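I opened a new structure today and kept notes as I went.

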Amino acid sequence: MLKEYKYIIVGAGLSGLVTAYKLKQKGEEDFIILESRSRIGGRILTKDHIDFGATWLQTYHTELLGLLEELKIKVFDQYSKGKSVLVYSSMSPVHYFEMDASQPASKRVVGGTRKLIDTLYKSVEDKVVLATEVLGIQNQGTYIMIKTTDKSYVGAKVVSTLPPLLASELNFEPSLPDSVQTAMEQTHTWMSNAIKVGIHFETPFWKKKGFSGTVIGQASPVVELYDHTNFEENTYVLKGFVNESLRELTSDARRERILNFLEKYLGEEVQNYLSYEEKDWSLDTYTSGKSLNSYYLSPQYGNPIFQELYYDSKLVFSGTETSETYGGYLEGAVRSGVNAFKLISNESD
Ligand SMILES: Cc1cc2nc3c(=O)[nH]c(=O)nc-3n(C[C@H](O)[C@H](O)[C@H](O)COP(=O)(O)OP(=O)(O)OC[C@H]3O[C@@H](n4cnc5c(N)ncnc54)[C@H](O)[C@@H]3O)c2cc1C
């Protein structure tokens with residue numbers, strides 16, 4: 001006889017952990033979180049002081065800022081003083097610009113965005129089952145049966161926080177309405193096609209030369225680069241997004257192209273890096289799924305279909321792509337996590 005949980009949350013990314021944190025705050029103990037990866041955090045991944053996934057938040061991301069404050073996690077301004085570089089094409093002369101100091105800066109999280117995940121995790125550690133991939137969700141009448149690679153779990157209510165495109169690959173029994181299946185298949189997973197690069201240096205040589213560390217170049221090996229020095233200012237990093245056209249190159253060839261490009265605009269010190277790391281999210285099965293779906297440049301998130309409950313109100317879809325506001329962003333993940341908590345626990349504002 002399987003134990004029946006009151007709640008099962010699928011996915012231990014930000015959205016799932018926020019729902020779990022809220023349940024725990026309410027004094028709820030009867031729930032479990034099933035996570036396919038052998039780590040928590042999903043698209044939040046901080047390694048060697050580098051945020052390879054989510055990094056920035058804005059002053060209008062109020063739910064996220066409120067949560068960070070509640071958890072006593074500090075934020076700081078993205079460094080942007082000095083000359084920023086703009087490269088239109090390899091044929092054009094380089095342009096320089098300065099950030100408008102009167103505009104609010106993007107914020108970073110002290111300790112990296114992972115700090116948020118680790119802090120939420122502390123309150124629900126005993127509820128998370130890692131390395132457990134959910135394969136199917138079945139409506140069994142009074143409860144839902146979750147099939148995983150390993151065994152089955154039973155819950156009275158289930159929250160799926162999978163990016164909708166990944167959820168569309170699950171085996172739903174009975175099938176969900178065609179409109180839901182289609183909506184899931186057509187919802188691009190935010191940033192699933194991104195390739196990030198992080199480069200450590202002995203010193204912040206760019207600052208000493210009057211550069212901010214920002215380099216923008218749509219047709220360049222790195223399309224966006226920023227200073228990623230930590231809050232304590234003792235680890236010096238440049239971090240950015242790699243041009244997707246370099247995806248097919250070998251890692252060595254890509255590194256050479258990137259470093260040579262940056263050397264041209266920031267100086268020869270670039271070649272004296274301490275370490276160079278990349279993360280291609282399109283290769284990550286639990287973010288990108290089977291198909292690389294990078295075509296929706298302005299994806300529409302928060303489809304009303306995801307605001308409905310399914311399987312006689314036992315199944316809720318959550319995760320940043322389902323959020324009616326700020327879908328795709330950390331803010332959307334927090335909002336969807338809070339919303340899912342309210343829906344399953346019948347809490348209102
Ligand atoms: C490169 C990159 C840069 C970004 N930059 C920013 C930024 O600067 N600012 C910002 O606000 N946002 C940014 N984002 C977006 C931000 O990371 C996401 O909005 C947020 O982390 C999504 O959280 P989530 O819980 O909704 O989804 P996810 O983090 O995707 O969590 C879903 C979880 O489900 C798990 N899972 C998947 N399949 C299964 C399965 N079958 N069974 C069980 N578990 C499964 C996954 O492993 C994952 O842990 C960025 C994302 C990336 C990738």
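Predicted model: local features only at pLDDT ≥ 70, side-chain atom pairs only at ≥ 80, totals over all residues.

I looked up how α1 passes α9 and found a right-handed crossing. Residues are numbered from 1 along each chain as its sequence is written, and side-chain values use heavy atoms, with hydrogens and water left out.

Helix α1 covers residues 14–25 and helix α9 covers residues 330–345. Helices here are DSSP runs of H or I with at least four residues, strands are runs of E with at least two, and both are numbered from the N terminus. The axes of α1 and α9 come within 8 Å and cross at roughly 40°. Axes are lines fitted to C-alpha atoms, for helices over the stretch in contact, and angles run from 0 to 180 degrees between N-to-C directions. The two helices are therefore oblique to each other. (Under 35 degrees is roughly parallel, over 145 roughly antiparallel, 65 to 115 roughly perpendicular, and the rest oblique.)

I then checked who touches whom, with contact meaning heavy atoms within 4.5 Å. Val-18 and Leu-23 are among the α1 residues that meet α9, whose side includes Val-334 and Phe-341. I sorted the contact residues into ten nonpolar, four polar and one charged. (Ala, Val, Leu, Ile, Met, Phe, Trp, Tyr, Cys and Pro count as nonpolar, Asp, Glu, Lys and Arg as charged, and the others, Gly among them, as polar.)

Next came α2, residues 62–70, whose axis comes within 8 Å of that of α9 and crosses at roughly 75°. These two are therefore roughly perpendicular. Thr-62, Glu-63, Leu-64 and Leu-67 of α2 make the contact with Leu-330, Glu-331, Val-334 and Arg-335 of α9. I counted four nonpolar, one polar and three charged.

**Whole protein**

I found nine helices and 21 strands. The radius of gyration is 21 Å, close to the 20 Å of the globule rule for 349 residues, so the protein is as compact as a globular protein of that length. (The radius is taken over C-alpha atoms; the rule is 2.2 Å times the number of residues to the power 0.38.)

I traced seven strands in an open, mixed sheet, ordered β8-β7-β16-β17-β18-β15-β19. Strands pair if DSSP finds at least two bridges between them. β8 and β19 are the edge strands.

Definitions and conventions:
Left-handed = near helix turned anticlockwise from the far one by under 90°.
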